[in-house]
Amino acid sequence: MESYPSQGASDYGLAVGSNSPSRVGDENDELQQQEDQHDEQQQEIDSEDTWAVVGSFFEGKGLVSQQVESFNDFASYKLQEIIDAHPPIEIRPSPQYRPEEDVELDVRYRLKFGQLSLNRPAAQEKEGMQKNLWPQESRTRNLTYSSSLFVSIEQTTYKIDPITNEEIVEERHSYERVCLGRLPIMLKSFYCWTHDIAAEQLPDVGECSYDQGGYFIINGSEKVLVAQERMASNFVYVFKKAQPSKFSWVAEVRSQMQGNQATSGFAIKKRTMTGDTGRGKGAGQLVAALPYIRTDIPIAILFRALGCVSDLDILLRVAYDTRDEQLCALLKPSLEEGFEFHTQEACLDFIGKRGPTVGAQRESRLQYARELLRKEVLPHVGTEPGCEGKKAYFVGYMVHRLLLAELGRINQDDRDHFGKKRLDLSGPLMAASFGTLFRKLVKDVTRILQRQIDHGKTFDVAGAVRSASPITQGLQYQLATGNWGRDREGKVVRTGVSQVLNRLTFSSALSHLRRLNTPLGREGKMAKPRQLHNTHWGMICPAETPEGQAVGLVKNLALMAKISVGAPTKNIRDFLEDWGLDGLDEISPESIKDRCKVFINGDWAGCFDEAETLCNTLKEIRRKGHIRNDTSIVRDIINREVKIFTDAGRAMRPLYVVDSDTGQLRIRKADVDKVRSMVGTSEKGAGWNHLMSCGVIEYIDCEEEETSMVAMFHKDLSEKGKSIPYTHCEIHPSLILGVCASIIPFPDHNQSPRNVYQSAMGKQAMGVYTTNFNLRLDTLAHLLYYPQKPLVCTRAMEHLKFRELPAGINTIVAILCYSGYNQEDSLIMNRNSIDRGLFRSLFCRTYCAEEKQQGSMIVEGFEQPNPETTSGMKRGDYSKLDTDGLVEPGSRVLGDDVIVGKTSPNFDDNDPLAPPGAEANLSKTKKDCSLCLRSSESGVVDTVMLSVNSKGSRFVKVKVRSVRIPQTGDKFASRHGQKGTIGITYRQEDMPFTEDGVVPDLLMNPHAVPSRMTIGHLVECLLGKTAAIIGGEGDATPFNDYTVSWIAGELHRLGFERHGNERLYHGHTGLHMPSLIFIGPTYYQRLKHMVDDKIHARARGPVAALTRQPMEGKSREGGLRFGEMERDCMISHGAARMLKERLFDQSDAYRIHCCDICGTMCVADLQRLAFECKLCGNSNKISQVYIPYACKLLLQELTSMCIYPKLVLQVA
């Protein structure tokens, strides 16, 4: 099929003026050809070339590269860093004061964890055998796809010399490959078996060749780690406080050391000025909030404690320029406040007194304050001795920013700026929890070894690691439940971090792997964090977000956005020092005002003179590949700062580089041709890497984007009469959309909420969710019988594999009112089309059962229960079971049929093996625990799989499939948020038809279009009609060049009415309809909401044990709630007796006997007709009443709480 429509005559391959006579043997001709070829290679690129560039990006990266790269970084580097950062375990024998146990006290043991090694995933079978574990087996057998993590431990034994107290090494011993635990492995990551298998060979190992990986398999279910959004560390934020408040302005920073998870908060606040201009609390002084210190510390005291003693020093650190009178005036009250404390010691003592230790010695207080300032205050600036000077500069910078903001010279910071946000992906999340678990393990190992030494036992390191608190369970628990991390009290910090991968359609799985979550409370009605921000452009999809309470808090990545992995800053620092960067300890405070400050990841590294040269050089060496391409270089001209970021979690996107001299794109036709030639031949991603290494494309993050000038289209660069100094150009504006929004044709012609609705509905469409669906045993799966690729595509769909795994059908849709059965978003569907297989689908449900064990004893067993010896048999049909207790594949099953027969032993009273609480029933030795089909479902047994799970007990999975044929009430939707349910199905002869005899499959109501303004729906139909007639594919990529009138012209050229309208004939009368009807092919999706799953009614059924009222919900065959409002309707209608019948007689009527004297419930023996009131002894004045059982329960509960409910009776 040709791609259609194209961009003009030249694209149709029409040769213009190519009939010149050939001159054989002429050298000039050859030279001319070479020159032409050279010119062609130096030509500007066109739109087709752009899509070749985009294709090379997706070929190399795939769609979930951010997950995989993050995990690879964690497994390859972070794990080892966490273990190296841990100090060695030191064990000293403690004196035992027992004469019989003589323990050597002058020995010390030191254990250091060394080199890690990680295997490919393997499973430990019950017999102790190790076997390689592939993902498909993990899914089927409910195993965890994980690898063993080994570490080498160095043990050094020291003798203490009793005289000199020196340590003498006695012996060294190393333990090789001690198993720390098992680490779940992400699919398609570096350690996964499927990492380096070609896509063609993946089906041989049971995987889908389009599967992108990026998730974990925990106990057989696929889990995604959703990226968590947070504020960036080491950023100085200045905010104005909402009044009334104690403080008017606040500058805060969340300081985080490189390679360390913990953050330490630090803030500088300005007290609110009150009316009196005295020296009290309200004169606008500046105070600092330090970690672990109860009260705020005046700023002058903090500076002096950091070693800036004189007022002039403090002033220079803050204002940089003493002639700036406004700034100095604002500082005056703060300097006066610290007037009494004029030595460093006095200030340290002031801070130490306000620490958590009360009543300590002055010397220890000073030591505490020094340690606090060195280690806890701004640890990212430095924690080594002598870093106080740097910290004073940094605090001064924070105060400077705060005062500038107060004077209105700079704006306050924007909390929602996406450049100030970081996204924690699987790498940082796993690193955080692994670090916590590893520290816990080391603590436990230390305790166990200490006990062993104290008891004089031998030293068993491997055994101690084995019996310590397990890393395996910890990681598995967090991934299985999504509860990530605990605080000191053991409360869960974050929930829902790990989620079950949504496998409804292929695009829903892709979208789930690219999701971001903002951990804000969903209850808050805060509008700001939910809104689309300017900085989201190109990083976050503007359309794909859920409706309802999580709107705008759950986001999705745009198609070409990537997330930085993070890198150490050492080589950039070295480079800057070679270039002549002056460190903070080398400069005088007076010179700062004329120079440019350089920040690396929020840490003030020093000052530089030539900011422009520095930035240009850094950018050039980044383009040449000497520093990492995800480094971001930002020049802030107003504040005279250069910021360099290399940290993890920044959203970035690629842009074309514009040459600053020529004003044209650096990328040329020759580069694209080279990329095209690399496709499929060289290694994955070679084309994209080639473009990156040529420096024609670079990654830009939100911060750097603010300092760039980006052209929207290539043609903007060459526009006459405009001389805008562009630095970059968009690759294609349609790449601002995410996975689900890229499936919408012409989203730029729709009202924006409609694109949001479709982004949510596209995840509920049925299609082919993966190519290995026959091998998979998913809990729920929907499969469309005859999926089709859309007639109208977008260019991004090629990379989403939507053509290969589609989720819908091209239906012929006519937009008209017909018989009134398509009002209010209903659809009329052609019955004959349905019979031919239109939108027919399969629904598969998998049931699981296992033989439970208690200890080593198997309690349950699969078998066909025998009614003679088994108690508690189910009401379903047992005849479908085979002799082994399992249903046969291919047998038809109905609701409540037994599909797995399972029994457990019934224990008698004096059986010592009986578990507590087991009831005795001697005649029947077994109890039935069989598994039945859901009562509302029926189908055919597709697969029965019997296997052994990780605990070694047998378990079975039964997959039942049923055919779902479209019927009244099923939900459908076009790709424009136009959803509707079937109102009625008409036979073909009752449907309208065109002059050519074309009968539509769907009739949609015209009233659905005007108010919703889904023009894209109509344009799609028009283009689809044109494409279908030509036999091509329509291109509906957003922000395209061609117009609706161009499509209309093409349709007219093919002999159809230019707006897609046709004369229709009425199906009932055969007369032609008075108006022309808009008709053509539109891509429709069948959604998972089907009437068969929702329909529910009940005549009689189970009741709740406590209240004896009907159960609730379809799964329990519950009743339908007749609520307060329904009750009001009945009363106002005058049908109160009907109310009594529904809510009382048919629900929980109950007879009690009541004492006429004291109004309490009596004891009644109806056999002997004996009645007695226990309270007042009355036995003859007793009445019989009917009340709801729930009321009787309430009376008894009140009585149990010593409240006396008295029933006062009257004769009715």
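A crossing of two helices is called left-handed if the near helix is turned anticlockwise from the far one by less than a right angle, and right-handed if it is turned clockwise. Helices (H or I, at least four residues) and strands (E, at least two) are DSSP runs, numbered from the N terminus.

The structure is a predicted model, in which local features need pLDDT of at least 70 and side-chain atom pairs count only at pLDDT 80 or more, while totals for chains, interfaces and linings use all residues. Residues are numbered from 1 along each chain as its sequence is written, and side-chain values use heavy atoms, with hydrogens and water left out.

**The chain as a whole**

The chain has 28 helices and 57 strands, and its C-alpha atoms fill a box of roughly 115 × 100 × 75 Å, taken along the principal axes. Of its 1212 residues, 51% count as buried, where buried means under 20% relative accessible area, with a 1.4 Å probe and protein chains only.

**Two pairs of helices**

The table lists two helix pairs; axes are lines fitted to C-alpha atoms over the stretch in contact, and angles run from 0 to 180 degrees between N-to-C directions.

| Helix pair | Angle | Axis distance |
|---|---|---|
| α3 (residues 65-85) and α11 (residues 426-454) | about 30° | 8 Å |
| α15 (residues 570-579) and α16 (residues 611-624) | roughly 135° | within 12 Å |

Angles under 35 degrees count as roughly parallel, over 145 as roughly antiparallel, 65 to 115 as roughly perpendicular and the rest as oblique. Helices α3 and α11 are therefore roughly parallel to each other, whereas α15 and α16 are therefore oblique. α3 passes α11 in a right-handed crossing, and α15 passes α16 in a right-handed crossing too.

Contact means heavy atoms within 4.5 Å. Phe 575, Leu 576 and Trp 579 in α15 meet Leu 614, Thr 617, Leu 618 and Ile 621 in α16. This contact of α15 with α16 has six nonpolar, one polar and no charged residues, where Ala, Val, Leu, Ile, Met, Phe, Trp, Tyr, Cys and Pro count as nonpolar, Asp, Glu, Lys and Arg as charged, and the others, Gly among them, as polar.

**Helix α9**

Helix α9 (residues 362-376) has 15 residues, which at 1.5 Å a residue should span 21 Å, and this agrees with its end C-alpha atoms, which are 20 Å apart; the expected span is 1.5 Å times one less than the number of residues. Among the buried residues of α9 are Leu 366, Ala 369 and Leu 373, and the buried residues of α9 pack against α5 (299-305), α8 (344-353) and α10 (388-406).

Notes:
Buried means under 20% relative accessible area, exposed over 50%, partly exposed in between (1.4 Å probe, protein chains only).
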